[in-house]
Amino acid sequence: MAKPRRGDLLELTIDDLAFGGEGVGRVNGYVMFVRGAIPGDRLRVRVTETRARYGRGVIEAIESPSPQRVAAPCPYFGRCGGCRLQHVAYEAQLAFKEKQVRDCLERLGAVPAFELRPILPAPEMYGYRNKMEFTVASAGGAPVIGLHEADRYDVVLDIERCLLQSETMNALLDEVRTQARARGLSVWDQESGQGLLRFVTLREGRHTGAAMVNIVAAAPDVETLAPVGERLKARVPATASVVLNVNAKKAAVAVGSEEHVLVGRDHITESLGGLTFQVSANSFFQTNTVQAERLFALVGEACGLAGAETVVDLYSGTGAISLLLARRCRHVYGIEVSAAAVADALRNAGANGIENCTFLAGEVRHVLPTLVRDGVRAQIVVADPPRAGFHPKALGALVALGPARIVYVSCNPATLARDVGDLLRQGYRLEWVQPVDMFPQTPHIEAVARLRRAE
Ligand SMILES: C[S@@+](CC[C@H](N)C(=O)[O-])C[C@H]1O[C@@H](n2cnc3c(N)ncnc32)[C@H](O)[C@@H]1O
């Protein structure tokens, strides 16, 4: 049969979920992607796009819903780009993530039989995020503060309450909006380069209760914004820090070139795994504290440290993994490209009295070979790379170091599969993989893989 045409109406049964969370169905072998559809749905779908090998469509009617379909609790669901799986029962979200990891390793990594451990579910399905970044935009002259509409970078939804953050953070979001409107604060306009407010980032130490508001504005207008900070503190007494980051450049990023403290300190503290971390407006910190603790406990267990080992922590960020492992081994070398993250890691080591960690700034592909040349040997390597995974030269340097065990923490099953496939060809064996759900309601997938050098 000829492939469908744009505008056609199809009867479609959904049998799979794709990587980003779209439903997948087939009409005589032709693959259709449908946003908001889930396996088991029988739908009437309007075709919106056709390509040689696949098409896209939108749901016109649900003829018969999947038994895994649930009512999404958020009123912005479907429009907001934040959550894409709220309409899928949590058990089915977990099964989807587990299957993605298995499929990637089998198909992309051509990994032969391996042990896939059951996914570690998150204890909190909502309210788990300790950081949210909201964009400020203007609607008819009044500020709206919220998240971008899915695939529409130009549309910002005015989010009154986000279910992924705590009620403390929701109160702060509400107060920022109230103050911005009551005081008639202007909103940055990308075209003209005029206006003040650009972003509002909220953070909360989940174990300490301390909250932070980072107002990103186009000018260092402390006089205007300091009273806003005072109102935030009055509404939410747990507010330990309100800062103003100034970004006067075109680039739409919530990072400023200068920072002014409006209320309290320039950072909050959070505890994780028994250690204390200082978190400033621009420092990286795991966004799901409770599940990060469980993820790192799994990493520790996978390392199986006896006390005398040297560990290399690749892509070490602000040092959470290094510092947690340092208590159980001889020495840890962390390698991280961001100089600011390395500075945070050093400060965190000092704050926790940890002296057996060395943090090196630079790209893994450059720094790791120098470590090997300097005679450093490590029995265990932990790697937590960004979505792109390992650079081929970084992987070559890892193989040259030749640790007996590699614990790979991945936020992208496709690059995990590629890198594991390479490591298998270089003499490693995959012992097991365990997915971990760090971000319920979203299609993001984290996994830990343990590899051992074949004797
Ligand atoms: C997933 S995060 C790791 C976070 C870390 N485990 C933590 O908890 O703080 C990945 C890190 O890799 C760093 N990174 C990205 N490319 C890099 C490279 N080529 N060499 C070294 N580090 C890199 C990023 O700056 C980021 O901090």
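Helix axes are taken here as lines fitted to C-alpha atoms over the stretch in contact, with angles running from 0 to 180 degrees between N-to-C directions. The structure considered is a predicted model.

On this basis, the axes of helix H7 (residues 364-373) and helix H8 (residues 392-401) come within 8 Å and cross at roughly 20°. Angles under 35 degrees count as roughly parallel, and H7 and H8 are therefore roughly parallel to each other. The crossing in which H7 passes H8 is left-handed. On the H7 side, the contact is made by Val-364, Arg-365, Leu-368, Pro-369 and Val-372; H8 contributes Lys-393, Ala-394, Ala-397, Leu-398 and Leu-401. An α-helix has 3.6 residues a turn, so residues three or four places apart point the same way.

Helix H6 was examined for its span and its burial pattern. The helix comprises 13 residues, 339-351, and reaches 18 Å from its first C-alpha to its last, close to the 18 Å expected at 1.5 Å a residue. Ala-341, Val-342, Asp-344, Ala-345, Asn-348 and Ala-349 of H6 are buried. Viewed down the helix axis, the buried residues of H6 fall within an arc of 160°, so they line one face of the helix. The partners against which these buried residues pack are strand E15 (275-280), helix H5 (320-326), strand E17 (331-336) and strand E18 (357-361). Exposed residues Ala-339, Ala-340, Gly-350 and Ala-351 are carried by the face of H6 turned away from its buried side. Just after H6, a positive phi of about 65° is adopted by Gly-353.

How values were computed. Residues are numbered from 1 along each chain as its sequence is written. This is a predicted model: local features need pLDDT of at least 70, side-chain atom pairs count only at pLDDT 80 or more; totals for chains, interfaces and linings use all residues. Side-chain values use heavy atoms; hydrogens and water are left out. Helices (H or I, at least four residues) and strands (E, at least two) are DSSP runs, numbered from the N terminus. The expected span of a helix is 1.5 Å times one less than its number of residues. Buried means under 20% relative accessible area, exposed over 50%, partly exposed in between (1.4 Å probe, protein chains only). The arc is that of the directions from the helix axis to the C-beta atoms. Contact means heavy atoms within 4.5 Å. Angles under 35 degrees count as roughly parallel, over 145 as roughly antiparallel, 65 to 115 as roughly perpendicular and the rest as oblique. A crossing is left-handed if the near helix is turned anticlockwise from the far one by less than a right angle, and right-handed if clockwise.
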